[in-house]
Amino acid sequence: MTDRRLASFFRPAVLGALGVLLAAPSVQAAKLSAEAAAAFDIETFVEGLGQPTDIAILPDGRAIITQRSGDIATKVPGTPDPIQDHLDVDATHEERGLLGVVADPAFQTNHYIYFYASIGADANNRQKILRFEFGADSKLGKKTVVVDMGLKGPSNHNGGGIDIYKGNLYMGVGDTGANSTPPSNHFGSCLNQANGKVLRVSLDEATLGQPPADNPLVGAAMVTGCDSTGGDFKMTAPEKRIWAWGFRNPFRLWIDKTTGKVWVGDVGEEQREEITVATIGKHYGYPFWEGNKDWKQPGLEPANGCMGITPPSECIAPVYDYDRTGVGGCVIGGRILDGCDWPAAWKSRYIFGDHEMGKVWTLDVNATRDGVVGNSRKEFADVSGLAGIRMGTDNALYLMEEKSGTVSRITAKGSTTTPNACPSVNVEPGGNPAGGAAAGGAAAGGAATGGTATGGAATGGSAAGTTSAAGTGTGGQSGSGTVSPSAGAKAAGSSDSGGCGCQVVSGGGPTLFGLGALAGALGLVLQRRRALRS
């Protein structure tokens with residue numbers, strides 16, 4: 001079964017006639033909730049884009065915006081029209097294309113930017129990490145291939161989240177699809193496969209693209225692996241670039257530079273969407289668990305579940321998950337809101353959203369920045385097909401909205417928003433005014449009650465979760481989001497059928513970069529629609 005979600009983000013829409021396109025209603029960009037509007041201002045930063053996927057804000061204020069087709073728009077402060085460039089990618093499938101971008105923390109001296117992109121006809125090596133020198137002319141310069149082999153991309157679940165920490169590049173790689181309910185794709189737990197993982201590679205010139213020496217499988221001779229998505233588990237040599245495993249489609253991730261923990265939005269199958277705080281060498285459950293839904297399948301998984309995988313790890317629960325049964329869902333992971341001069345009450349919140357539900361929410365973060373506080377979810381904004389959330393060195397928050405083809409820019413009222421006003425927001429501690437432990441919020445250990453219902457789209461009461469001394473989560477869910485312990489076994493939940501997982505979907509109007517069949521006839525319209533306006 002194919003994915004139905006990151007897919008009208010990434011789904012070719014065949015129109016019957018030109019009139020359908022011209023008559024399509026416009027889609028409004030983000031609108032802040034009442035609470036957020038009292039603290040923040042929002043503006044349309046760039047519009048007229050074709051399926052924007054990600055953004056990197058450079059120290060000089062330039063904003064590099066990626067679009068799934070491979071188009072790159074760079075907004076230069078003080079100029080009305082973004083500078084255009086293009087990277088040839090494979091966007092023939094609804095979830096392939098130019099999926100992620102991040103600037104090197106040392107950009108001011110090395111001028112490096114990195115892309116996560118689907119490239120080429122080889123399905124076994126389709127996802128690449130490319131490094132480019134990015135000059136003052138806002139054009140791509142010298143190219144270096146950082147990751148070239150082993151990231152499969154036969155159809156959906158391609159991942160795309162990238163971030164940099166302590167000289168290493170982290171990437172979220174999807175499990176290649178093979179959707180089913182109950183889950184049957186073993187790749188997330190097969191440690192000879194790069195898919196269904198968070199990978200980590202070196203950015204040092206001498207070891208570029210290679211696994212750092214402290215990656216968890218570097219010293220392992222044999223691990224649990226498999227040859228195909230539905231293949232039997234067997235002992236085999238490891239994929240040494242793996243940093244953490246047990247994911248379905250970690251489409252968006254962010255590294256907390258204060259703690260080194262990786263906050264992952266992992267897209268679920270048919271029941272639960274989850275936020276995971278990942279650490280090195282741990283198993284995050286899939287396909288044995290979907291969020292807090294236990295998919296025990298005797299004969300299809302090791303007798304001891306995650307502990308039956310070599311090397312063993314308990315199944316680590318998400319810090320938060322929520323129900324998407326019957327309404328659809330596609331979680332878009334975000335970050336902790338620790339902008340330099342943002343209101344103190346907001347600096348200890350994690351922001352995330354859901355593409356299909358059209359919502360952005362916040363969760364209060366605990367004092368140790370490794371979990372969230374029960375019953376703390378609040379609405380932040382209504383959005384038009386959220387595809388990514390980034391905070392820039394200009395002290396602004398950016399929302400990529402594929403349905404409206406816009407990037408929205410959010411700033412604190414009275415905030416300083418000049419280029420590089422907050423240079424430390426995306427780098428490691430050491431003179432970081434936003435660093436240190438987050439203030440406010442009770443620790444998330446012990447008993448915790450679930451979050452609110454999913455933005456009004458799903459109904460149900462609160463879901464209790466308890467934590468034993470051993471850190472084992474127990475309790476059920478009934479339609480609302482739940483807060484889980486940061487370690488231990490996952491909590492059981494209800495069941496459903498079907499299978500999905502992040503295709504960021506567009507609803508409403510047609511998706512312009514999906515008009516392959518009509519590209520020739522609609523060339524002029526596409527050219528005008530893709531023109532960017534400041």
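How much accessible surface does the chain have, and what percentage of it belongs to carbon and sulfur atoms? In this predicted model, the accessible surface comes to about 17800 Å², and carbon and sulfur atoms account for 54% of that area. Of the chain's 534 residues, 60% count as buried. The secondary structure consists of five helices and 33 strands.

The mean pLDDT of the chain is 80, and 75% of the residues reach 70 or more. Two stretches call for care. Over residues 10–25, pLDDT stays under 50, and the model has 34 contacts beyond four places in sequence for this stretch. Over residues 486–534, pLDDT likewise stays under 50, and here the model has 200 contacts beyond four places in sequence. Where pLDDT is low, the predicted coordinates should not be read in detail.

One joins C190 to C226, with an S to S distance of 2.0 Å. This pair links distant parts of the chain: C190 sits in the loop between β12 (168–173) and β13, while C226 sits in the loop between β14 and β15 (234–236), 36 residues apart. The link of C190 and C226 is right-handed, with 115° about the S-S bond. Both C190 and C226 are buried.

Another disulfide is formed by C340 and C422, whose sulfur atoms are 2.0 Å apart. C340 lies in the loop between β23 (331–336) and β24 (349–354), and C422 lies in the loop between β29 (406–412) and β30 (448–449), so the pair ties together parts that are 82 residues apart in sequence. With 80° about the S-S bond, the link of C340 and C422 is right-handed. Both C340 and C422 are buried.

C306 and C315 also form a disulfide, and their sulfur atoms are 1.8 Å apart. The torsion about the S-S bond of C306 and C315 is about 90°, so this disulfide is right-handed. Why do these two cysteines count as buried? The cut-off is under 20% relative accessible area. C306 counts as buried because its relative accessibility is 2%, and C315 counts as buried because its relative accessibility is 9%.

Charged side chains provide another set of links. Side chains of opposite charge can pair when their charged atoms come close. In this model the count comes to 26 salt bridges. In one of them, the side chains of D90 and R126 meet at 3.2 Å, N to O. The pair links distant parts of the chain, with D90 in the loop between β6 (83–86) and β7 (98–103) and R126 in the loop between β8 (112–118) and β9 (127–134), 36 residues apart. D90 has a relative accessible area of 10% and is therefore buried. R126, at 5% relative accessibility, counts as buried too.

A salt bridge also brings together the side chains of R200 and D214, at 2.6 Å from N to O. R200 lies in strand β13 (residues 197–202) and D214 in the loop between β13 and β14 (223–225), so the pair ties together parts that are 14 residues apart in sequence. R200 counts as buried because its relative accessibility is 6%.

Where do the partners D364 and K378 lie? These two residues form a salt bridge in which the closest N and O atoms are 3.7 Å apart. D364 lies in strand β25 (residues 359–364) and K378 in strand β26 (residues 378–382), so the pair ties together parts that are 14 residues apart in sequence. K378 has a relative accessible area of 27% and is partly exposed. The D364 and K378 pair belongs to a network of salt bridges in which E35, R349, D364 and K378 are linked.

Key
Residues are numbered from 1 along each chain as its sequence is written. Side-chain values use heavy atoms; hydrogens and water are left out. pLDDT is the predictor's confidence in each residue, from 0 to 100. Contact means heavy atoms within 4.5 Å. A salt bridge is a side-chain nitrogen of Lys or Arg within 4 Å of a carboxyl oxygen of Asp or Glu. Helices (H or I, at least four residues) and strands (E, at least two) are DSSP runs, numbered from the N terminus. Buried means under 20% relative accessible area, exposed over 50%, partly exposed in between (1.4 Å probe, protein chains only). Accessible areas come from the Shrake-Rupley method with a 1.4 Å probe; for residues, only the protein chains shown count as cover. A disulfide is a pair of cysteine sulfur atoms within 2.5 Å.
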